[in-house]
Every structure is written in C-alpha cells, then in structure tokens.
Amino acid sequence: MNILVCISKTPDTTAKIAFTEGNTKFDENGVQWIINPYDEWYSLVRAIEIKEKDPTTNIHLITVGGPEVEPIIRKALALGGDEAIRVNSNSNDSYVIAQQIGAIAKQGSYDLIMTGKETIDYNSACIGSMLSAILDLPFVSLANHLELNGNSATIIREIEGGEETNEVTLPMIISCQKGMAEQRIPNMRGIMAARTKPLKIVEPIATNAHTSIKEFSLPPAKTGVKLIAPDQMDELVKLLKEEAQVI
Amino acid sequence: MVLIYIDHSEKEIKKSSHEAISYGAAIAKQLGCSAEALILGTVNDDLTALGKLGASKVHQLNNESLNNFDAKVYASLIATIATHLNAEVIVFAHNINGKAIAPAVAVKLDAGIVTGACSLPNLQNGFEVTKTVFSGKAFASIKIETPKKVIAINQNSFGIQNHELTATLLEMNLPIPPASVKVTHVNKIVGEIPLTEANLVVSGGRGLKGPENWGILLDLAKALGAATACSRPVSDSDWRPHHEHVGQTGIQIAPNLYIAIGISGAIQHLAGVNRSKTIVVINKDPEAPFFKAGDYGVVGDAFEVVPALTAAILKMKHNE
Ligand SMILES: Cc1cc2nc3c(=O)[nH]c(=O)nc-3n(C[C@H](O)[C@H](O)[C@H](O)COP(=O)(O)OP(=O)(O)OC[C@H]3O[C@@H](n4cnc5c(N)ncnc54)[C@H](O)[C@@H]3O)c2cc1C
C-alpha cells in the first residue's frame, strides 16, 4: 500500500491576522507555522494507523512550499511519515498547487492520496477535488472514517444532517476531517528518526495561476455588546424579534 | 451564460442551492446574460418554480442513477454540459457536495475558481470575488484571470431574491460515465436541522458541565426551531457528536442567530461562528472573551437563564 499524504503549512490558530504591502500580503512577521490541523490530526494520523496495521505500507508526504516549510515536514516525518517530497514553489493559487502534487502523484503509484478537509488559512477545500480531475480518480470528501480492505476502501463521509457510507475501488483520493483519527504528539524516537528520513526537494513544473489575491480586509469590529439582565428574558426576545429581526 | 448547479438529496433541492440560483441570477444581470440551472438526477420539487429564484431555464439530466452522489461522475458531467452550453460562469453552493465537485469542474474547464465566496463579483478591474479566509477572521478579494470562472458561494451570505420568472425545463440526454463510488448506506439523523443549513443555532460549551445537562439547551433549540452546535472540548469529550463541533477546526457556520451558552469565546471557536448575523452570549463570567464578539449578552448562570429564555420564546410564539 502506497499512500501520499498532502501536507500544508498554516499559521498557528492564535496567530495575529494582519496584512502588509497595502493589504495585499498576509503579515508573516512573528507567525508560528503549524501543520494544517486537518492534514495532521486526521489525514496523516489515519495513514499512520493504516501502516501500524499493515507495516508494508509506505507513507509519502508531499508539500508545496519554500524552505520555511521544512520544520513542518520534519514534524510530519516524526509523527510517522516514511519520506517526504517538497516541491519548491510558493503559490496561493490552488490550481498551481494541485498541478504540482498531481505531477508528483503521476510519477509514483499511489493507492491512496489523502488531504485534510481544507486549510485553516485559505479555507478553499480545493486540492482533493482538483487532484481527482487532474488524475482522473474517484474522490470522497469530508470523510470521518476509512477502512481498507485489499484494493477497496469503505468510507463514511458527512452529508447534510447525517452520514453516508461509500465503497470505492483504489486508487482514490480522500479528504479527511474530525472523527477519522485522534491528534498525536511525536515522541523522541520519532523526532530522532525524522532527522535522517529522506526529504527530497524537486523543482516545480511550469503552470499558470488561474487566480491572484488583490486585497485582504478585516471584518468590521462589533459595535459592542448590549447587556440584558438575566431576569429580563422577555426583553431579549423582543430585541431579537424587533431589533435584530432574526426570530 | 451563468450556469448554476443545483444540489439535492432525498429528492429535495437544498436550501443552499436556492441561494446559489439567486446569486447566479445577480451575476447574470451584471454580465447581461441569462442565468440557467442544471440538475443531475430527479427531485420532487417543481423545477419551473426555480424561475422565482432567477433561473430562466433548468437543464435536467433526468436519470435516477444520478441520485447517488459521485464526485467524479458529477464533475465530469457538469464540465461536459457547461462546455456544451457555453457557460461563462458556473456557480455552486459552497456546501458539502459543492466543495467536492466545483474545484474538479474548474480544472476540467481550465477555469479559475473562488470557493467560499461572499460577494458579487466586482467587474471594475476584471473579475474579482471576495471570499472569507482565515476561517472567517478576514476576507480576500481574488481576481479570476481565466475566461471561464467557477464560484462556490458561502451559505447564508447572499440570501434569496424573488424574480417573476417561470423557468423552462429542458431535459438532456447524455451517456452517464460508470459509477466510481457505491453508496452502501445513508444514515440521516431524522428530525434534526443540519447545522450548515440552519438559520438559528443554539450552541453549548464546557460551562454546561456535562452531557446530562444538555436538556435545557435542547429545549431552547426546540422552542426556536434551531439546530444545535457545541465547542470543541464538548465534542472531544463525547458529550455531543462530532458533527456539532463548530470553530476553526470544526464546521464554520454563518446563521442569522447564534446563541452561545457557557462557551468562553476562544479565538479558535470564534473563527467558526463570527460571521453569524446576530450573536447572543450567555455566560456567568462577565470577563468571558465571547462578550466582545457578541451583539447581546446575558451575564448569568446558564442553568437559570436558558430555561427563562425558552419560556420567554414560547410565550412570544404563543401570543403570535
Ligand atoms: C489548534 C486548536 C484548534 C482549536 N479548534 C477549536 C474549534 O474549532 N472550536 C472550538 O470550540 N475550540 C477549538 N479549540 C479550543 C479552544 O481554544 C478552547 O479551548 C475551547 O473553545 C473552549 O471551549 P469552551 O468555551 O466550551 O470551554 P471553556 O473555555 O472551559 O469555557 C467554559 C465557559 O463556560 C462559562 N461557564 C461556566 N459555568 C457556567 C454557567 N453555569 N453558566 C454560564 N456560563 C458558565 C465559563 O465562564 C467559561 O467562559 C482549538 C484549540 C487549538 C489549540
């Protein structure tokens, strides 16, 4: 079983959201980078669990980014990836990133390509779906459960107001979310081993971005909370009905 | 032409697709072209009534075998049809299925895509669409540089607009690619309002102390007809199911009303709910950070405030 796990860096969840260069760039000053939680907690950990059950499994990690992502990818190796590929390209365009991952995926023979449900910075939820078009493979999104049985996968995915069980023949692409696995902390042995695990740097293929970011903005600040005394719930209901007009 | 993809489940068109049609119709008006809808599979809804939302035509691939969602098959059919109809802009709801297929359709059409859109395109300097980023903490205006465009619109961000149209229904006939996914089981939680489709949401945090205390919250949700949500530690401790977890690492929602009960308002929680139109905070600690993000606040013990609020709502409903 060969698994390709897509890893993205994102700012830490408490990072200050600010912009520079005339609000055209995210201000990375002082930002702590983490592995996108969906990639780490759900997709990568589930891949590791699959390997624990079947030690012949190979877990390859792929990330598209500059040298600054290396600590992130080392952490993913420490958690249990076998080897990693970094495509040396920085882009905010999902299509460019999916093309880079697609090019690598075409060279390997991966049975399963895993992504997180979305990144917590751009929230685009594009890569898995785009890969399915680039590689012409089945795609199941927002999965919270995955079992492998020979060359078939049983997946539970979220639907509005419930869940659906899908059977898919490998190879395929899956995007993972909560329920799939539990967050892990790398142990000392993993951290030591990660230092010598292969991390290959490849140059990007030529491709054109389809989009560009023109400007960032912050939502208007709330004007201040209106406090209602606990024994004035009729008043609160009236405000919700007449002032806010939401009920 | 603007083509709007209509998502449905169990023979019913989803609310988020109603909004997508109105949004697509507004783009068509900007561009001076027609807004047409596309539906794969069969539904019980009257498709000509989609005119009221702004679609002049509804193209239907009327085939029962398409009632089970299959991202690969859907994306391939939608791309083929969009090409055939010469659609310039293809609109999806940024809902569960929309997220699974819109990016694949964009690749197949060589189109730039913006998902999580929350505004009409700005056509002053080309075609720019604003989307939410950093889990709702900020917005980004994205320019789509390609002739064809795909947009997935965030739920509850545009609303529904009324039109005086009757849509013409056009049935299509196309070979259906072989299924890539077999749906073996569907487990719908009956009687529950899906969180992402809900206008009203009542949410509980660790302040409720334990799962046995959720009754007061459920009563309030029932009185309002609201969906229920929770903070991450609540779902991590299995007090509530995973699918109720909202926040930066859970579901991001933007209902009209979000009532937060015993939730401190950590930055990761706020990221998932701060696009709600109105936020009510119920917390016994006046210093709880959530009050800074709230519109209305009640400083008090949830175990007293919540039943009193439920009673007040029932009283209001009774008098209506
Ligand atoms: C990487 C990362 C991602 C995260 N993602 C998320 C996420 O997606 N969603 C999320 O929710 N959290 C997330 N968190 C966790 C987040 O930081 C907070 O720990 C969490 O939101 C706190 O949950 P809470 O408000 O229910 O509990 P607490 O912070 O313990 O707050 C309980 C609140 O209840 C109040 N209270 C107590 N008793 C009563 C009473 N009787 N009546 C009224 N009020 C009462 C208290 O005053 C307090 O404000 C994340 C954290 C990290 C590090």
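Predicted model: local features only at pLDDT ≥ 70, side-chain atom pairs only at ≥ 80, totals over all residues.

Author: We'll take the contact between the chains, then the domains, then a few single residues.

Reader: Fine. How many residues does the contact take from chain A and from chain B?

Author: It takes 75 residues from chain A and 89 residues from chain B. Together the two chains bury about 6,900 Å² between them. Carbon and sulfur atoms carry 60% of that.

Reader: Which three residues of chain A supply more of that area than any other three?

Author: A:Glu160, A:Lys178 and A:Lys222. They supply 12% of the area that chain A buries against chain B.

Reader: How many salt bridges across the interface of chain A and chain B?

Author: Six. One of them involves A:Lys178, whose side chain meets that of B:Asp236 at 2.8 Å, N to O. There are also 38 residue pairs in polar contact between the chains.

Reader: Which element of chain A gives the most to the side that touches chain B?

Author: Helix H6 (233-243) of chain A. H6 gives eight residues. Other elements supply at least two residues each, including helix H1 (37-53), strand S9 (139-149) and strand S10 (152-159) of chain A.

Reader: And how do the residues on that side of chain A divide by class?

Author: 39 are nonpolar, 18 polar and 18 charged.

Reader: New topic. Into which domains is chain B divided?

Author: Domain 1 covers 2-172 and domain 2 covers 195-319. Their centres, taken over C-alpha atoms, are separated by 31 Å.

Reader: How many residues of each domain are in contact?

Author: Ten residues of domain 1 of chain B are in contact with 15 residues of domain 2 of chain B. The area buried between these domains is about 1,000 Å². Carbon and sulfur atoms give 34% of it.

Reader: Which residues of domain 1 lose the most area there?

Author: B:Ser135, B:Lys137 and B:Asn156. Together they account for 50% of what the domain 1 side buries.

Reader: What about the classes on that side?

Author: Seven residues are polar, three are charged, and none is nonpolar. Across this domain interface there are eight residue pairs in polar contact, but zero salt bridges.

Reader: Now single residues. Where does B:Thr146 lie?

Author: In the loop between strand S9 (138-144) and strand S10 (149-153) of chain B.

Reader: Is B:Thr146 buried or exposed, and why?

Author: B:Thr146 is buried, because its relative accessible area is 9% and the cut-off for buried is under 20%.

Reader: What is B:Thr146 in contact with, leaving aside neighbours within four places in sequence?

Author: A:His210 from the other chain, plus B:Asp110, B:Ala111 and B:Gly112. The side chain of B:Thr146 also reaches the backbone oxygen of B:Lys148, at 2.6 Å.

Reader: And B:Lys11, where is its place?

Author: The loop between strand S2 (8-9) and strand S3 (12-13) of chain B. B:Lys11 is partly exposed, with a relative accessible area of 29%.

Reader: What about backbone features? Which residues does a cis peptide bond join?

Author: A:Leu170 and A:Pro171, with omega about 0°. A:Pro171 lies in the loop between strand S11 (162-169) and strand S12 (172-176) of chain A.

Reader: And what is phi at A:Glu21?

Author: About 50°, a positive value although A:Glu21 is not a glycine. A:Glu21 lies in the loop between strand S3 (19-20) and strand S4 (25-26) of chain A. A:Glu21 counts as exposed, at 57% relative accessibility.

Reader: What about phi of B:Lys209?

Author: Near 75°, also positive in a residue other than glycine. B:Lys209 lies in the loop between strand S13 (200-204) and helix H4 (215-224) of chain B. With a relative accessible area of 53%, B:Lys209 is exposed.

Notes: Residues numbered from 1 in each chain as written. Chains lettered and ligands numbered in written order. Heavy atoms only, no water. Helix = DSSP H or I, 4+ residues; strand = E, 2+ residues; numbered from the N terminus. Buried < 20%, exposed > 50% of the residue type's maximum accessible area, 1.4 Å probe, protein only. Polar contact = N/O pair within 3.5 Å; in protein donor to acceptor, adjacent residues only side chain to side chain. Contact = heavy atoms within 4.5 Å. Domains from an automatic or database assignment. Buried area = accessible area lost by both parts, 1.4 Å probe. Salt bridge = Lys/Arg side-chain N within 4 Å of Asp/Glu carboxyl O. Nonpolar A, V, L, I, M, F, W, Y, C, P; charged D, E, K, R; others polar.
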